[in-house]
Amino acid sequence: MKYFLRYLKPHVLTMCFGFFIKFSGTIMDLLIPYILSYIIDEVTPKNDIGLVVRWGLLMILCAALVLLTNVWANRIASAVSRDVIHALRYDLFYRISYLSGSQVDFFTIPSLVTRMTSDTYNLHRMLNMIQRMGVRAPILFLGGIAITMAIDPYLSAILCVLLPFMILVVAHISKKSIPLFIQAQKSADNMIRVVRENSTGIRVIKALSRGQYEMDRYDTVNRQLTKDESTASITMAASSPLINMLLNTGLVLVILVGAWRVSTGSMKPGVIVAFLTYFTIILNAVMAVSRLITMYSRAAASADRIAEVLNTPPDMMIFPAESENGGTGTSEAGNAKTSSSAAAGSEKPAAAPHIELRDVTFSYHKSASRTNLSHISLSLKHGQSLGIIGPTGAGKSTLVQLLLRLYDLDSGEIRIDGRNITTFPLKELRQKFGVVFQNDTLFKETLLENIDMGRKLSMDAIKEAAHTAQAEEFIEAAGGYDTQIAVKGANLSGGQKQRVLIARALSGRPEILILDDSSSALDYKTDAAFRKELEERYGAATTIIIAQRVSSILHCDQILVLEDGVCQGLGTHEELLKSCGVYREISEIQMGGDSE
């Protein structure tokens with residue numbers, strides 16, 4: 001919760017002004033029962049109607065001021081809460097956007113969604129309620145006690161006896177509730193994960209008739225969430241009845257003792273009427289404080305979850321560039337310090353390859369026994385092409401993510417133009433690439449916005465990329481570049497999606513083009529036309545093609561064959577047919593006797 005306080009600093013003066021207004025209105029509220037008591041005990045016995053009317057008008061004025069100040073203060077509270085949570089959500093979204101792949105894997109996407117939505121909402125409610133009741137309730141509570149003690153110390157003693165018990169109840173229950181609310185939020189993460197998986201894979205679920213199975217799976221996580229929320233809410237809800245019981249017990253005692261004192265002449269009737277009113281005010285104030293504590297418990301759990309993301313240090317650090325071509329270049333953060341000289345980089349050697357991998361090893365689980373890539377080495381000159389082929393799970397897409405530095409290596413190094421990629425600022429590094437991922441995303445925007453992606457590219461560049469990607473014809477048939485795309489491109493076929501994604505990658509004229517299984521939905525004729533246009537128009541780019549079809553990569557300058565993260569062969573198509581059994585088997589299965 002301490003981290004959250006920094007977002008309140010710019011609004012301190014506004015909050016103080018709102019608190020002052022709320023304070024003024026609360027004082028007016030406390031005066032009303034006292035004025036009523038004075039009218040009953042002092043004004044009414046004088047039989048002066050004019051005096052009664054004047055004091056009555058004073059009560060009405062106080063009530064009007066209470067209404068005005070509460071409305072004004074509540075509007076200020078709403079504005080402050082809105083602005084604070086807006087800034088918090090922005091920073092949280094920004095931080096999430098720059099989490100590395102391993103950090104996203106650690107938090108999980110459903111959990112990040114929950115932190116962006118329900119956790120920030122809990123903080124919004126808490127901040128709004130604290131500004132509304134955080135001043136009013138304590139003043140009503142303390143002011144009510146002070147006035148009742150001034151009116152009659154004997155009756156006030158009853159309330160003072162009850163106070164320690166109320167404080168113990170609230171403190172004990174609040175201490176127990178915060179861990180329960182944290183567990184409830186984790187259960188909410190699990191439920192969102194299941195809902196997200198089901199909404200994304202709804203077609204597969206229907207096609208395989210897995211509806212009931214998924215309903216049962218959802219019911220399991222939903223029941224767990226309900227159980228955890230019920231446990232937390234029931235635990236916290238116990239405070240209100242207990243406090244209510246204590247205060248009502250005190251109220252009964254006040255009536256009994258007050259009636260006895262009135263009968264003995266020690267107290268006037270107006271005093272007991274005022275005292276009962278103040279006691280009711282104190283009761284409501286304590287209940288409000290109890291609700292505030294409940295809300296604070298939930299918000300404190302949410303604040304810790306949000307701070308966990310915001311305080312996560314970047315693990316994609318920029319390391320000093322080596323002055324020479326040597327050095328290990330390992331990406332482990334503990335072996336190097338950040339340096340402002342990284343942006344400048346080192347002078348690239350005259351004959352440096354465009355892309356060079358040196359003994360690259362990586363594991364998602366950071367386990368030496370479960371490596372996803374093991375000791376991969378290769379180099380590509382400017383304008384050369386690399387094809388990568390291998391069975392599912394061989395590590396093909398992982399290699400692409402390492403090139404983009406979405407993950408850092410466990411050992412080895414990757415160099416671009418002789419410079420270790422860990423010395424590039426991430427934006428500078430990634431601007432060199434044009435990428436079509438295996439499971440890429442189209443946004444609910446126009447075709448033009450999905451290709452441009454906010455880069456403000458010229459229409460000539462976009463049209464040339466669309467022409468090369470063989471997307472021009474269907475874009476015109478669909479109504480042009482201003483045609484709206486549905487969520488995840490649901491209104492496009494698989495081949496149309498891939499062509500739009502290829503156009504997106506090409507439109508920025510990248511130095512390095514990566515096509516990760518980007519033509520699997522294209523027919524052979526369209527694929528061949530695309531390869532021809534790609535070579536003619538974007539031949540200067542160094543190209544990496546990940547494919548399942550040998551026909552898509554057989555003309556590449558080099559072909560890397562991966563199996564279980566290990567290089568089984570590296571060379572041209574003809575060389576691999578002779579030297580690599582794995583590649584020869586794939587080629588013969590797909591191309592038969594025409595593989596030579």
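Tutor: What follows is a reading of a predicted model, taken feature by feature.

Student: Let us begin with a strand; which way do the residues of S7 point, and are they buried or exposed?

Tutor: The general idea is that in a regular strand the side chains alternate between the two faces of the sheet. In S7, Ile512, Ile514 and Asp516 point one way while Leu513 and Leu515 point the other way, and all are buried. The strand is thus described as mostly covered, with 5 of its 5 residues buried.

Student: Which strands pair with S7, and in what sense?

Tutor: Strand S6, residues 433-436, pairs with S7 in the parallel sense over 4 bridges, and in that pairing phenylalanine 433 has isoleucine 512 as its bridge partner. Strand S8, residues 542-546, is joined to S7 by 5 bridges and also runs parallel to it, with isoleucine 514 partnered by isoleucine 544. S7, H18 and S8 together make a right-handed β-α-β unit.

Student: How should I read charged side chains, and how many salt bridges does the structure hold?

Tutor: Side chains of opposite charge can pair when their charged atoms come close. The structure holds 18 salt bridges. One of these joins the side chains of aspartate 119 and arginine 305, at 2.7 Å from N to O. Aspartate 119 lies in helix H5 (residues 109-133) and arginine 305 in helix H11, so the pair ties together parts that are 186 residues apart in sequence. Aspartate 119 is buried at 0% relative accessibility, and arginine 305 is buried at 6%.

Student: Where do the partners of the salt bridge between arginine 504 and aspartate 440 lie?

Tutor: Their side chains meet at 3.9 Å, N to O. Arginine 504 belongs to helix H17 and aspartate 440 to the loop between S6 and helix H14 (447-452), so this pair ties together parts that are 64 residues apart in sequence. Arginine 504 counts as buried, at 10% relative accessibility, whereas aspartate 440 is partly exposed, with a relative accessible area of 26%.

Student: What separates arginine 531 and aspartate 527 in helix H18?

Tutor: Being 4 residues apart in that helix, arginine 531 and aspartate 527 are separated by about one helical turn. They form a salt bridge in which the closest N and O atoms are 3.0 Å apart. Arginine 531 is buried, with a relative accessible area of 18%, and aspartate 527 is buried at 5%. Elsewhere, Glu356, Arg358, Glu413 and Arg415 are linked in a network of salt bridges.

Student: Finally, what are the backbone phi values of arginine 405 and arginine 509?

Tutor: Arginine 405 has a positive phi of about 60 degrees although it is not a glycine, and arginine 509, likewise not a glycine, has a positive phi of about 45 degrees. Arginine 405 is found in the loop between helix H12 (396-403) and strand S4 (411-416), and is buried with a relative accessible area of 0%. Arginine 509 lies in the loop between helix H17 (494-507) and S7, and counts as partly exposed at 46% relative accessibility.

How values were computed
Residues numbered from 1 in each chain as written. Predicted model: local features only at pLDDT ≥ 70, side-chain atom pairs only at ≥ 80, totals over all residues. Heavy atoms only, no water. Buried < 20%, exposed > 50% of the residue type's maximum accessible area, 1.4 Å probe, protein only. Helix = DSSP H or I, 4+ residues; strand = E, 2+ residues; numbered from the N terminus. Pairing = 2+ DSSP bridges. Right-handed = clockwise from strand over helix to strand, strands pointing away. Salt bridge = Lys/Arg side-chain N within 4 Å of Asp/Glu carboxyl O.
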